[in-house]
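Here is a friendly briefing to read alongside the structure.

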Amino acid sequence: VALRFRSLLVVTAMAPLALVTACTGGQPVAGQTAAPGAGAGLGSPLNPGGGPVPSSPGSARLTLKESGSTLLFSLFGTWATAYHQQYPNITIKLAPGPLGKGTGSGQGIEDVSTKKANIGASDAFLSSGNLVQHSDLLNIPLAISAQQVNYYLPSLRLPPGKRLQLDGPVLAEMYQGKIKKWNDQAIQALNKGISLPSTPVHPLHRGETTGSGDTFLFTSYLSATDLAWNSQVGFGAAVSWPNIASAQAETGNSGMVTACSVTPGCVAYVGISYLKTAQDAGLGEASLQNFSGNYYQPTPSAISAAVSSFVSDTPADETISMINGPAPNGYPIVNYEYAIVLADQPNPAVARAIKAFLNWVITKGKGNSPSFLNSVQFQPLPPAIVKLADAQISEIK
Amino acid sequence: MTATHQPPTSQPGQQLSGQQTVARQAVIRQPAEPSQPPGQHAAPRQPSGRLSLRAAGARLAGSGTGGTPAVLRSLLTGLVAAALVWGVFAAWAVDQHASAASQVANASERLTFAAQEMYQKLSDADVTVTTAYLAGASVPLGVRQHYEADIARAEADLATLRSGSGSASAQFTASLTSVSVWLPLYDEFVGKAQAYNSAGHQPTGGSFMQVASEVMHLKLLPAANSLYAQESASLGSVSAQATGLTWIVVALVFAAAIGFALLRTQRWLHRRTHRRVNYGLAWASVAVIAILAWLAIAFTSARSDLENGLRHGSTPAQDLAQASTFAQRARGDEVLNVISRTGSMSFKADFDAMRHMIGPGPKPGTQLALAAAASSGQGATGVVTAEWDARSWYAVTEPVFSATNYAGETEHVLGKERGSSYAQFNKLQADLRLAIKADQATFTASATAGSDAFGGLEFGVILAALVMMVGSAWGLSRRLAEYR
């Protein structure tokens with residue numbers, strides 16, 4: 001009994017500790033956070049402006065790969081050459097694409113997303129679809145561009161000082177096959193005093209399956225100005241074009257110009273950097289009706305006026321459509337040319353080189369100087385847009 | 001060895017005469033002579049008059065009868081100390097469980113519901129407003145009110161989460177801050193989108209709508225999801241604390257050990273003194289038995305109620321909430337597919353992924369299948385209806401993603417007529433809301449019952465410990481007094 005009693009006292013004292021040791025277990029802790037870099041371009045409202053942007057690319061010998069817009073291709077080439085001259089350790093290699101003029105905006109975004117290229121060139125900002133798949137993509141404006149509407153009417157004789165005038169609804173009907181000849185009453189109504197030929201209308205559109213920034217801009221203009229087009233076709237980098245016999249699909253801006261120059265009666269949408277090429281090929285460029293009902297050619301002043309009305313409203317990620325904007329003296333199809341980059345770079349040296357190069361491109365007196373932009377009819381970025389672009393560049397790491 | 005404890009002048013069950021009693025008391029009070037053989041008399045008293053429990057045990061084991069007063073003192077000290085320690089420990093353990101159960105019923109589940117509702121309302125606001133954008137320049141008043149009600153509800157849930165966050169983790173605080181900062185910006189972008197749209201600048205309105213949706217999908221919803229995940233983990237942790245066995249089992253075993261010690265002490269006294277009942281120790285024993293029964297019944301009942309509430313209420317409600325979230329994301333895929341107009345099939349792929357997670361489907365483990373297995377009563381009926389309507393919704397969404405047919409897609413996404421994607425989606429969401437509400441009611445009823453089962457138990461434990469201490473002290477001190 002005494003032995004049992006002694007044992008009992010010991011057990012009574014030790015029981016809590018022994019049972020705690022036997023019964024204690026851990027608790028799982030769950031938690032989820034946003035993906036790293038997700039929505040980096042949207043900025044941080046708590047820390048606007050991000051971090052510093054290096055002015056030089058560092059000393060590492062690097063080759064940065066570019067892929068994308070045919071509209072930006074030639075300018076990117078001159079930027080690449082000039083940058084290499086200033087920083088010989090940095091080489092920027094452009095993807096020539098099937099025609100040696102670039103791979104197209106859609107392919108550029110794709111190549112950056114899949115890390116086949118460091119910098120994409122795009123005429124259109126990223127879509128939600130792009131960001132669903134790669135939430136750390138950024139679209140950084142490099143310059144202001146515009147889109148002209150070319151036509152080829154060899155028999156047309158314009159009175160001095162007159163330009164052929166077109167508006168959204170008329171262009172929409174031409175692309176839908178409702179206006180079949182150039183002397184249609186609807187076109188004539190816009191061009192009083194001009195004798196229009198009865199040449200059949202041949203609408204040209206881009207045929208890249210990966211999508212085209214130029215198609216996005218043009219169909220945006222048609223959707224903004226014509227309810228029927230908006231509800232039946234809509235806008236996008238790739239759309240279901242109305243199936244009409246006279247329509248033709250072409251590849252790249254150069255393909256559009258070349259095809260138009262051998263197709264009397266053609267109408268084609270072409271990026272402003274091909275203005276001189278189109279003029280040399282004998283194509284005319286139409287004046288387009290803006291939101292206020294005024295007609296404008298894609299002149300530097302009309303392009304800058306159109307952009308200026310949006311500057312103060314531009315969001316931090318610089319995703320903004322400026323099609324058919326409110327400026328009464330603005331050209332209706334204007335846009336930013338974008339660099340597409342991933343915010344999260346695998347290598348700090350590459351990140352630094354990309355940041356320094358993009359900063360050089362958007363800086364007045366460097367890549368954004370008239371000596372580079374004038375050759376392709378682009379306009380420099382307004383200072384407020386440069387500031388936002390630098391804030392986005394600073395998100396690259 | 002047991003035989004040595006028998007007094008030489010008595011036999012078991014024999015009544016002592018008055019003279020014999022006096023003589024026996026004299027023997028007991030007389031210190032034993034060193035020359036007397038062991039086992040015949042009590043051990044000599046220690047000069048200090050006190051023995052440690054270990055020494056008492058050793059004395060008993062080594063000397064047979066030993067010094068009875070010293071042993072009595074040791075037992076008194078040991079039992080009172082054990083009862084005191086047990087009382088403090090058991091009261092703490094009961095308080096831990098009762099507090100956790102109360103937190104589950106009143107706070108944790110409420111915060112989890114708030115986080116889950118905030119996610120749903122944010123997601124619904126985005127789908128509502130993007131759908132309105134697709135509808136054209138003028139946003140119908142009803143749609144605008146729906147959007148504003150969603151945002152107001154999300155802000156109220158955010159306030160609930162903020163007020164209930166207490167000493168929250170850095171991650172929780174960061175997620176709260178993220179929602180607080182981005183929600184007004186989201187609303188601002190939506191406002192700009194509608195302003196440009198109304199003014200006739202639809203492409204600009206569309207791009208602002210896209211930015212708003214990006215804020216929603218890349219900033220707000222991940223932060224809201226993180227809050228929900230953290231609240232959900234917190235609920236799991238508190239629930240485990242409320243239903244965990246460790247401390248209650250320790251308290252029960254500890255009490256049983258004290259009860260055993262009381263029993264042995266009474267037997268030992270009975271053999272020493274031939275008194276059948278020591279009332280003090282008997283009351284202490286009754287208190288041990290009563291509190292053992294109360295503790296076991298209350299805890300078993302509370303654990304059963306809480307687990308029932310979690311298993312058949314909270315868990316299926318969370319499964320259904322997840323199904324609702326996936327359904328909203330799939331609906332967002334439909335809408336964004338039309339808005340972005342890229343021709344990309346990524347939205348279709350995401351929609352299909354969501355559909356396979358929502359269910360019903362051939363594979364097990366879908367959210368609806370999990371909820372169906374766990375729900376009961378009205379909740380189970382609601383899940384069956386939701387499964388039926390989910391199938392109908394999937395059937396009408398097939399044409400939505402057909403290649404670049406924007407006119408057709410828009411009609412499907414916006415069409416309000418019976419059988420359209422919009423109508424079917426709303427029907428599914430209504431089913432899910434009703435089923436979630438039924439499951440939440442199941443949880444609340446069970447969790448409240450579970451929490452109530454601990455009512456008064458802490459007081460009972462303290463009272464029992466006091467009775468054990470007083471009873472032991474009184475019962476043993478009376479015996480001890482007989483030696484003075």
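The notes below cover confidence, strands, aromatic rings, a glycine, a disulfide and salt bridges.

This is a predicted model, in which local features need pLDDT of at least 70 and side-chain atom pairs count only at pLDDT 80 or more, while totals for chains, interfaces and linings use all residues. Residues are numbered from 1 along each chain as its sequence is written, chains are lettered from A and ligands numbered from 1 in the order in which they are written, and side-chain values use heavy atoms, with hydrogens and water left out.

**Confidence**

- For the complex, the predictor reports an ipTM of 0.83 and a pTM of 0.74.
- Chain B has a mean pLDDT of 80, with 79% of its residues at 70 or more; pLDDT is the predictor's confidence in each residue, from 0 to 100.
- Please read residues 1-65 of chain B with care, as pLDDT stays under 50 there. For this stretch the model has 73 contacts beyond four places in sequence (contact means heavy atoms within 4.5 Å).

**A buried strand in chain A**

- Strand β12 of chain A covers residues 334-342, and nine of its nine residues are buried, so the strand is largely enclosed by the rest of the structure. Buried means under 20% relative accessible area, exposed means over 50%, and partly exposed lies in between (1.4 Å probe, protein chains only).
- Helices (H or I, at least four residues) and strands (E, at least two) are DSSP runs, numbered from the N terminus.
- Strand β3 (residues 119-122) of chain A pairs with β12(A) in the antiparallel sense, over three bridges; two strands pair if DSSP finds at least two bridges between them. Look for A:G120, whose bridge partner in β12(A) is A:I340.
- Strand β4 (residues 137-152) of chain A also runs antiparallel to β12(A), joined to it by nine bridges. Here A:L138 has A:V341 as its bridge partner.

**Aromatic rings**

- Over all chains, the structure holds 28 aromatic pairs. Rings of Phe, Tyr and Trp (its six-membered ring) pair if their centres lie within 6.5 Å; planes under 30 degrees apart count as stacked, over 60 as edge-to-face and the rest as tilted.
- A:Y336 and A:Y338 make an edge-to-face pair, because their ring planes stand at 75 degrees, with the centres 6.2 Å apart. Both tyrosines, A:Y336 and A:Y338, are buried.
- In chain B, the rings of B:F89 and B:W92 have centres 6.0 Å apart and planes at 35 degrees, so this pair is tilted. About one helical turn separates B:F89 and B:W92, because they are three residues apart in helix α3 (residues 68-135) of chain B.
- B:F89 counts as buried at 14% relative accessibility, whereas B:W92 is partly exposed at 36%.
- One aromatic cluster in chain A is formed by A:F76, A:W79, A:Y83, A:Y87, A:F357, A:W360 and A:F372.

**A buried glycine**

- A:G236 sits in the loop between α8 (227-232) and β7 (248-250) of chain A, and is buried with a relative accessible area of 0%.
- Although A:G236 and A:S127 are 109 residues apart along the chain, their C-alpha atoms are separated by 9.5 Å.

**The disulfide**

- The count is one disulfide over all chains, where a disulfide is a pair of cysteine sulfur atoms within 2.5 Å.
- A:C260 and A:C266 form a disulfide, with 1.7 Å between their sulfur atoms. The link is right-handed, with 55 degrees about the S-S bond, and both A:C260 and A:C266 are buried.

**Salt bridges**

- There are 17 salt bridges over all chains; a salt bridge is a side-chain nitrogen of Lys or Arg within 4 Å of a carboxyl oxygen of Asp or Glu.
- B:E307 forms a salt bridge with B:R303 (3.6 Å, N to O) and another with B:R311, with the closest N and O atoms 3.8 Å apart.
- B:E307 and B:R303 are four residues apart in helix α8 (residues 279-340) of chain B, so about one helical turn separates them. B:E307 and B:R311 also lie in helix α8 of chain B, four residues apart.
- These side chains are partly exposed: B:E307 at 24%, B:R303 at 23% and B:R311 at 47%.
- In helix α9 (residues 346-358) of chain B, B:K348 and B:D352 are four residues apart, which means about one helical turn. Their salt bridge has its closest N and O atoms 3.4 Å apart, and B:K348 is buried at 17% relative accessible area.
- In chain A, salt bridges that share partners join A:R206, A:E208 and A:D214 into one network.
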